[in-house]
Amino acid sequence: MRLSGFETKVRMYASGNSKILFITHGAGRGRKVPTGDVFLKRLAAKSDPLLKDIRIHRTGSGSANFEGVGLVIFWLGDPLMQKYPACYVDALAIAEEAVDRGIRILNHPDALSNTTKSRQAHIWADAGVPCAAAASASTLEEMAGAIEQIGFPCIVRSDQEHAQRQVATLFKAEDAKALDSEGLLPAVVLKLYDIRQEYRDVGRPRSDLFARYHHKARAFVCGDRVLASHLFFSTERIVGLSNSLFQREASRLRRLARYFGYHERLRADLITADKAYFSAPLEEAQELVQAVRALGLDFAAVDYSIRPEGQIIIWEANPYFWLPHGKASVLSRQRNAVTRVDQTFDWFTACIKAYCNDHPTLSVVSSSRR
C-alpha cells in the first residue's frame, strides 16, 4: 500500500508510542474529503504534540496495530454500511477488537450507518429532535406511497447521499408524475418547510436577510461541545455551497457589477451575518448535541435552519464533512476563512485532548450494535 507523503510523515511521528488510531478509507474504497489532511497539517504547523500520538490505518490494509492505542477514531464516509459495505466490515472488526481491549471509540461504525436520510429522521422523531418528517422508498410503488404520506410540498432525494445532487422539489401531484424517480432509489421523501415564508408571516421586513432569502446554518458538534461553522443564504429552498449567495457574489459577473457600485450592500450584509453567526454563542447548542447523540455519533457537522422565534429544524448530520483549508473557502479573505478554519481545527484538537483526558464536560456516546 502506498501512503501519501503526509501519512508517511504521521507514521514516522507515531512509530514510538501511538495513542490515537484514525481509521480512513483505503485506496479506491470510498470518497476522500480534505478535512483529515488539513487537520493534520494544522497540527504540524503548530508543532502540536497530538500529532505524535496519531497513527493512521486504512481499510483493506490488513490488521490494525493497537499497540499503545487508547482511542480509535473512525473517519469514514457514511452511511457506512449502506454505501461502503467492505469498509463497514473492516471497521466493525476493528471496533470489536478495540472494545475487547478496552479501547475507547469515536463514531462507531454502527453509528456511521444511522445517517441515511430516512433512518436519521425516524431516530430524531423518536428522540423528540425537531426535524422534517420522512418516508423511505425502495421501489417506485413505495415512492408513490411515500409522497402521499408526506404530502406537498416535499423533497425527493437519494436516501444515502449528503450532496445536493438529484434532489427534486414537488409542490403538486403533476410534479410527482413528471419525476424521474427510478434513478433516486433507494429514496426518501421529506417534508419541505418554507422558513423564509415564516419570517415574512411574522412581519419581518423584506430587507431582513432571513425574510428575503432561504438559509442554512451549520455547526460542529463533538460530545457536549458545539462550534458554529457558517451561515449560507440562497434564492433556492434547498441551500448549499453551490447555490449560495456567497458563491454567486464570488463570480466574475458580480465582481464586475460591484466595480461599478452595484450589490456591495448585499455582500456586506451576507458577510456580516455569517461572521456574527460564527462568533456568537449558539442558543440551539443543546438541541444540536441531542441530535448527534441520538444517532449514536460522537461528532458531526449538523445542518439546520433557524425559525423566527428561535426554534430550529434540523436537516441532516454529516459525520464525514468537507472542511478544506480556509484559502479554498468561498470569499475567503472577506470572511476571514483562514483564521476561522484554523480556529475550528484547534477546537477539534481541544475536544480530542479533553476526551483523552476524560474531561468531565465532554461525554461521548458510542452506539451499540444494531
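Strand E1, helix H2 (35–45), strand E2 and helix H14 (337–356) each contribute at least two residues to the lining of the second largest pocket. Helices (H or I, at least four residues) and strands (E, at least two) are DSSP runs, numbered from the N terminus. The volume of this pocket is about 510 Å³. Its lining comprises 31 residues, of which Phe-22, Thr-24, Thr-35, Gly-36 and Trp-75 lie nearest the centre. A pocket is an open set of points on a 1 Å grid over the protein atoms alone, where a 1.4 Å probe fits, with protein on both sides within 12 Å along at least five of seven lines; lining residues have an atom within 4 Å of a point. Grid points are joined across faces, edges and corners, and the volume is the space filled by probe spheres set on them.

The model is predicted: local features need pLDDT of at least 70, side-chain atom pairs count only at pLDDT 80 or more, and totals for chains, interfaces and linings use all residues. Residues are numbered from 1 along each chain as its sequence is written, and side-chain values use heavy atoms, with hydrogens and water left out.

The buried residues of helix H4 are Cys-87, Tyr-88, Ala-91, Leu-92, Ile-94, Ala-95 and Ala-98. They lie on the same side of H4, because they cover an arc of only 165 degrees around the axis, taken from the directions from the helix axis to the C-beta atoms. Buried denotes under 20% relative accessible area, exposed over 50%, and partly exposed in between (1.4 Å probe, protein chains only). The face turned away from the buried side carries the exposed residues Val-89 and Asp-100. The buried residues of H4 pack against E1 (20–24), E2 (54–58), strand E3 (71–74), helix H3 (80–83) and strand E4 (104–106).

Ser-113 is located in the loop between E4 and helix H5 (117–127), and Asp-159 in the loop between strand E6 (154–158) and strand E7 (167–170). Ser-113 counts as buried at 4% relative accessibility; Asp-159 also counts as buried, at 8%. Their side chains form the following polar contacts (N or O atoms within 3.5 Å; within protein, one able to donate a hydrogen and the other to accept it; residues adjacent in sequence count only if both atoms are side-chain atoms).

| Side chain | Partner | Distance |
|---|---|---|
| Asp-159 | Ser-118 side chain | 2.7 Å |

How values were computed
Contact means heavy atoms within 4.5 Å.
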